[in-house]
Amino acid sequence: MSTKPGNFNPEIHVTDYRKEFEAKRVGRDCLISIDGRATESLNGKWNFYADPIEYLLRGAWYKESRYDAEGREKPCDYDFEEMDEICVPSCWNMARPDLFLYENMGVYFRTFKYKKHEKGERLFLHFEGVAYRAYVFLNGECIAMHDGASTPFSVEITDKVKDVNRILIGVDAKREDERVPMTNTDWFNYGGIYRDVLVVRTPSAFLSDWFVRLAPGSSYSEIALDFSVDGKDSGEAEFTIDELGIKEKVSFKGGKGSAVIKAKPELWSPENPKLYDVSLSIDGDRLSDRIGFREFRVEGNRILLNGKERFMKGICVHEDHIDLGKSTNESVIRDTIRTVKEELNGVFIRLAHYPHSRLFSKIADEMGVMLWEEIPVYWSIAFNNEKTYQDAENQLGELMKRDKNRASVVIWSVGNENPDTDERFTFMSNLASYAKGNDPTRAVGAACLVDEVGEKIDDRLAEKLDIIGINEYYGWYNPDFSKLGRVLKNSNPSKPVIITEVGAGARAGNHGTSDMLWSEEFQEALYKKQVKEIGACPFINGVSPWILYDFRAQRRYNRYQQGFNRKGLIDSDRKTKKLAFKVLSDFYKTK
Ligand code: GCB
């Protein structure tokens, strides 16, 4: 065994300094439900500095130990409260021009005061989205580490909180091949604490999770409930939906309770997005939400919503916003959904390629649009790496925990355009089983690629999915449009197929002939050919073209793109429609 030399200085000689924080990893098991809870916000101004060498960790700055054992002041290299201010939530790339392309660690600091409200109360820090990895420190101690840029996490701080608290978050936005997604993506790598940070108070025993839905196969006449209680083994909860006359006592044991309750709710659909005020309470604690009830299932080649066949008239959307990056807000989301429903005549949105804000599905429930939600198992992630799998499954688990009471969410997608290798088959089959095993009320899908050699829809993963998504760019990446006809003719899928991507690049305002790449006319002509072919194919049950808005992408630098993927039907200003918008909108009107 090698011994450390006498000149060994941990601060400058230790290279595996990240390892010790692994033990603090938090995930779906610690995530608590915040539905209807009165939370306190830690949004606002935080101090911030870029820390590419990760001295927060490497030099243990988070300990803020300013004096040595003899009480002498040490020459510290930091003054957190003097660092520049940044707004939380925001993407640092958008907040500061000098950080536009910054992809390393950024450190956030603030203090917060705490005053106990109730005897026995418990306290949690809750993060809605930190890209990509978060190291959370409270009063000099690491209390959590979390991977995944787009899903929420919570950490209990009941025993650690003081009257005045110092909180430091190291946010590591690096791209790494073992992460989900990996280094190569066709979207911008935004970093930072870009969604809400909350403090949540609960009583000593509280409702940590609940799943409320129409019981599948009940002829729309039963509501099923499952819930978890933290801090108490057994007791009774009360479940209420006043409008349906439901007030049921449900017992729990081992911290778990469930019930099936007779009810005849008005069914949720895009045309009638009916929601009910639902609540669940135990002594001293209560969860509440507006919840819709619907049945979504597949039968043979058909997709059925409340027993009626649907064609999924959709469009893909990235979270990317020209000014906000990956941060968003209610008015941006409302405007997106309104554009899809009222102007595009759509009923379905594919939220690509990672979980979007919690607000999106909340508002989709209310405004009435069906959603495809996806985790960033994108292209060639490290399918043979067990840690990568754990990360992907955890992101799926956190997303499902967050959104499982959303009627609008009808499909969980386990990935996009992955190569049909053995490792990928195992990896994604396991994700599909996880999703199905935990949620019988939705379909599981993935966006797959066409077998270009056999010229047909033929991906081994299809057998594990309920809905096959197909991304095809005939007429664009593959200029031979006639291939689409051959592919559809050669295919005989036993499950519903949604064309999850199709499209062409066009710069808004660039006009020319229909054979001029990057012109609006080219995109328009391609959409005309595509909808004709897709609309006539008996086994295609929907389409979500790529994409509603142009979005930032770091591999798109020609003179038309200038840092953006230009396949949007609307420019990145989210206002200027390109010609193809009308083609799709007319197609949906007749479909
Ligand atoms: C795809 C990807 C998507 C890309 C798109 C494109 O197939 O799924 O992430 O942005 O194509 O524009 O090439």
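Trainee: How many cavities of 30 Å³ or more does the count give?
Mentor: The count comes to five. A cavity is a set of points on a 1 Å grid over the protein atoms alone, where a 1.4 Å probe fits but cannot get out. This is a predicted model, in which local features need pLDDT of at least 70, side-chain atom pairs count only at pLDDT 80 or more, and totals for chains, interfaces and linings use all residues. Residues are numbered from 1 along each chain as its sequence is written, and side-chain values use heavy atoms, with hydrogens and water left out.

Trainee: What volume does the largest cavity have?
Mentor: Its volume is about 220 Å³, a volume being the space filled by probe spheres set on the points, which are joined across faces, edges and corners. The largest cavity is lined by 20 residues, and closest to its centre are Tyr132, Ala149, Pro181, Trp187 and Asn189. A lining residue has an atom within 4 Å of a point.

Trainee: Which classes of residue make up that lining of the largest cavity?
Mentor: There are 12 nonpolar, four polar and four charged residues in it. Here Ala, Val, Leu, Ile, Met, Phe, Trp, Tyr, Cys and Pro are nonpolar, Asp, Glu, Lys and Arg are charged, and the others, including Gly, are polar.

Trainee: And what lines the second largest cavity?
Mentor: That cavity, of about 110 Å³, has 13 lining residues, with Ile32, Ser33, Asp35, Lys401 and Arg402 nearest its centre. Two or more of its lining residues come from each of β13 (206-214) and α6 (386-403). Strand β13 gives the most, with three residues. Such elements are DSSP runs numbered from the N terminus: helices (H or I) of at least four residues and strands (E) of at least two. By class, this lining has four nonpolar, three polar and six charged residues.

Trainee: Where is confidence lowest and highest in the protein?
Mentor: Helix α1 (residues 10-13) is lowest, at a mean of 86, and strand β25 (residues 370-374) is highest, at 99. The average pLDDT, the predictor's confidence from 0 to 100, is 97 for the protein.

Terms used
On a 1 Å grid over the protein atoms alone, a cavity is a set of points where a 1.4 Å probe fits but cannot get out, and a pocket is an open set with protein on both sides within 12 Å along at least five of seven lines; lining residues have an atom within 4 Å of a point.
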